[in-house]
Amino acid sequence: RVEVRAVGTHAIDLTGARDAVVRDSVVEDVGCSGIRATGGEAATLTAGNVTVARNRIRHFAQWKRSYMPGIYFGGVSNSYTGNDVAWSPHNCIMGGGDFEDAVEITVANNTVSDCTFETGDAGAFYTCGQRGTAFVNRGNVLRNNTFARIRNTAGLGVQIASNQAVYLDDQMSGWRVEDNRFVDCHVGALVGGGRRNTIADNTFVRCGTVFYLNNQGMYGQFDNPTVNCTAVAPPFDTTCSTGAAEWM
């Protein structure tokens, strides 16, 4: 158990950890991320066994205002449970996909509130498959979390605000979203294409849009028919999610 307050960068960093635990800690008023905890390797299905549990994380991303979540997740067989994450101009929980592979990740029993208030096209819980990694992610669970007041309150910039409590972006795949509660959210859940996603038994109260589903990837990455997904070869450096599926 630790308490971290008023630091200019990340509060707690367990990048590439193994059999590590962050529990009952407090993070407040930090410049960048709250807790960064990743471990394990998707390519070999090596488990990280990282646990982030019962932490209180408040007022992070004070200096760098975007892509600095309260909890940053990724790896294999890691759990992020029972945390209280609040007050972020952008994401509150972020990882997987573009950021870190995610296989058999559990995000459960967390309270997530007052996120994305200064941004648009954002998610309180955010994971993205834009770089062709979407189909590598699989067996992940987002269960029994409460999302409250996920909205833009600072005003609009050049883009219309669309703020999602749960945002599976750019063909993100392999998530089961179940038994969550969404209260006073602009959009409850958005699934941008992808495969093997299940949205089940959730409760929505005072949400502008309950659930939004689109067909990203139907005609290639970002619906661009010029993307050649057949020329995928080692080292698999591709922006084509269909390429990721072929690789798997």
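Is phenylalanine 125 buried or exposed? Phenylalanine 125 is buried, at a relative accessible area of 0%; buried stands for under 20% relative accessible area, exposed for over 50%, and partly exposed for values in between, with a 1.4 Å probe and protein chains only. The legends below describe a predicted model, in which local features need pLDDT of at least 70, side-chain atom pairs count only at pLDDT 80 or more, and totals for chains, interfaces and linings use all residues. Residues are numbered from 1 along each chain as its sequence is written, and side-chain values use heavy atoms, with hydrogens and water left out.

**View 1. The whole protein chain.**
Helices (H or I, at least four residues) and strands (E, at least two) are DSSP runs, numbered from the N terminus. The protein chain has 248 residues, and 53% of them are buried. Of its contacts with a separation of 6 or more, 67% are between residues 24 or more positions apart; a contact means heavy atoms within 4.5 Å. The accessible surface is about 10,900 Å², and carbon and sulfur atoms hold 48% of that area. Accessible areas come from the Shrake-Rupley method with a 1.4 Å probe, and for residues only the protein chains shown count as cover.

Eight strands form an open sheet with parallel pairing, in the order 1-4-8-11-15-18-21-24. Strand 1 (3–5) and strand 24 (203–205) are the edges; each has a single partner strand, so one side of each has no neighbour in the sheet. On average, neighbouring strands of this sheet are turned by 5° against each other, direction ignored. For such angles, axes are lines fitted to C-alpha atoms, for helices over the stretch in contact, and the angles run from 0 to 180 degrees between N-to-C directions. Strand 21 (residues 181–185) pairs with strand 24 in the parallel sense over three bridges; two strands count as paired if DSSP finds at least two bridges between them. Phenylalanine 182 stands opposite phenylalanine 204 of strand 24.

The structure holds one disulfide, the term for a pair of cysteine sulfur atoms within 2.5 Å. It joins cysteine 92 to cysteine 115, with 2.0 Å between the sulfur atoms. The link of cysteine 92 and cysteine 115 is left-handed, with -90° about the S-S bond. This pair links distant parts of the chain, 23 residues apart: cysteine 92 is in the loop between strand 11 (84–86) and strand 12 (93–95), and cysteine 115 is in the loop between strand 15 (111–113) and strand 16 (122–128). Cysteine 92 is buried at 0% relative accessible area, and cysteine 115 is buried at 0%. Cysteine 32 counts as buried at 10% relative accessibility, as does cysteine 128 at 2%.

**View 2. Threonine 116 and its contacts.**
Threonine 116 is in the loop between strand 15 and strand 16. Its relative accessibility is 0%, so threonine 116 counts as buried. Leaving out residues up to four places away in sequence, threonine 116 touches Ser88, Pro89, His90, Ala122, Gly123, Ala124, Ile150, Arg151, Asn152 and Asn163.

**View 3. Aromatic pairs at tryptophan 175.**
There are ten aromatic pairs in the structure. Rings of Phe, Tyr and Trp (its six-membered ring) pair if their centres lie within 6.5 Å; planes under 30 degrees apart are stacked, over 60 edge-to-face, and the rest tilted. One of these pairs is phenylalanine 73 with tryptophan 175, edge-to-face at 5.9 Å centre to centre and 75° between the planes. The two residues are 102 residues apart, phenylalanine 73 in strand 9 (residues 71–76) and tryptophan 175 in strand 20 (residues 175–178), and both are buried. Phenylalanine 125 also forms an edge-to-face pair with tryptophan 175, at 5.2 Å centre to centre and 75° between the planes. Phenylalanine 125 is in strand 16, 50 residues apart from tryptophan 175 in strand 20. Tryptophan 175 has a relative accessible area of 1%. Ring pairs also join Tyr67, Phe99, Tyr126 and Tyr167 into a cluster.

**View 4. The loop at aspartate 201.**
Aspartate 201 is in the loop between strand 23 (198–200) and strand 24. With a relative accessible area of 61%, aspartate 201 is exposed. Aspartate 179 is 22 residues apart from aspartate 201 in sequence and 5.0 Å apart in space, C-alpha to C-alpha. Apart from neighbours within four places in sequence, aspartate 201 is in contact with Asp179 and Asn180.
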